[in-house]
Amino acid sequence: MGKLLAIVLVAIAVLSAYPIVTHMFVLPEDISTHGYAIDSQIHDTMLEAGLSFVGAQIVLAAFVWSFTNRKEGSPLRSFPGGAKVAVMAAFVLVGTEVLALGVMGQKAWAEVYFTAPKPNAIQIQAQAEQFAYYFRYAGPDTKFGAIHPDKIDEGNQNYFGLDPANEVEARDDIVSGELVVPVNREVQLLMHAKDVGHSFYIRELRIQQDFVPGLDLSLHFTATKIGKYEIVCTQLCGLGHYNMKAYMNVMSEEDYEKWLTEQAGQ
Amino acid sequence: MGRKQFVVAGLAMLVLAATSKAGPPAGGTVSGKVTYEGTPAKMKPIDMSKEPSCAKMYPTPPVAETVVAGSGNSLGNVVVYISAGAPDEAAPSTAAVFNQKGCRYIPHVLVFQVNQELKIQNEDQTSHNIHPLPKINREWNKSQPPGTPPISEKYDKAEIFPVKCNVHPWMHGNFAVLKNSHFAITGDSGAFTLPNLPPGKYTVTAWHESYGDQSQEVTISGREAKTVNFVFKAKPY
């Protein structure tokens, strides 16, 4: 019976490793300049965690196999040094692993969070609200109009609470339900939550960042492939959470300029 | 009059009596036009990119209906009603229908009476969450997945208030719950007619969702037709 358990343990380890080793579930195509670092980090994590998992299962199975069917009356043997040493060893091993992953991942993290966007990056404000995203472009004057919560009038498309009657900066602001960006040009996203916590997740862009009410967060990225990608909310935000999505439309530079002109005319 | 003619006339009277509405006796009429002065805000196209099943229903994006301006400065979507002078009336037995189609509210402004049945239906392929925002009536919000039966509701106090969809921020409409049946809603032409007003002194009120309301006094004696016009001040932003 003990030997059967050892076989089951090995079978579980091998079966769970199989889809990962054979790349059964591939990551969606990466369309960002920083994504390679995240993909390699995911790869390294899977490798390290996978090897440790399979290794640990095999060692466990080996112990089960060799110490099963103990003869009645034979002396009990314990690990040299007792449980204390085993627990210490586990702490050191797991600690080293976590630390190593952190050090290795530091580059991927820093590229997104610790470097400033390029000076020519396009600033786009992203506002998350129950249950939609709206994006704002500063328009020809490159200045965003101030936000006045009391002026918010969703029925009349004033999602940001702009005051064009009194503020010139707000008059040329472009508000869109779709995030339109030019290809191969850096974008700085200024993230703003209108009500509760939300999240901004684009798989292909390898970006997942929470919106935090009261905090204006900044994120920068460069999309490298023209196309339409889904933006979804991955932070449970209320009853309409399942339907909170938008699209990112990556366009050629010319199409992007054309789109801006079209929007400004409306 | 011969016997035959008498019978025909009698039948005709019976038919007339059966078909004419058992409402107030025919009386005076108040009619007029609602216009604006100044420049109204330019209505922006509605961005429905979040909901592709709705967006694809429009060859070009529809524009917001907050201000519906017609030719000659006429103003649509204005509720004109008798706010004082007319007795309260029992609700009609027919339901007022509020439809959700193409991620928009049809009609944009729905007028119905106190305690009249309100039927809300969803013709879209997506879920809606209807959320009327009354101040004195009871507030509720209800989710309505596609293909589900209409929601039936009623309001027991007269009030005009906005309606929104909790899932689609651009969806915005209005409910006008009134005490009597003397009301009209202007179309693009801005024209309205309030017929069958018995003699008396009335307050005629015109309400617009972003320009507020205005009232005028009018006295009806007999079967006269009076003209009352309303002019709202439009704001460019």
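## Chain B: burial and fold

In this predicted model, buried residues (20 or more other C-beta atoms, placed from the backbone, within 10 Å of their own) make up 35% of the 237 residues in chain B. The secondary structure of chain B comprises 2 helices and 17 strands, taken as DSSP runs (helices H or I, at least four residues; strands E, at least two) numbered from the N terminus. Two residues are in contact if their C-beta atoms, placed from the backbone, lie within 7 Å. Of the contacts in chain B with a separation of 6 or more, 67% join residues 24 or more positions apart.

Residues are numbered from 1 along each chain as its sequence is written, and chains are lettered from A in the order in which they are written. Local features need pLDDT of at least 70, side-chain atom pairs count only at pLDDT 80 or more, and totals for chains, interfaces and linings use all residues.

## Contact between chains A and B

Chain B contributes 20 residues to the contact and chain A contributes 21 residues. On the side of chain B that touches chain A there are 8 nonpolar, 7 polar and 5 charged residues; Ala, Val, Leu, Ile, Met, Phe, Trp, Tyr, Cys and Pro count as nonpolar, Asp, Glu, Lys and Arg as charged, and the others, Gly among them, as polar.

## Helices of chain A

A:Lys107 belongs to helix 3 (residues 82-113) of chain A. With 14 other C-beta atoms within 10 Å, A:Lys107 is partly exposed, the class between buried and exposed (12 or fewer).
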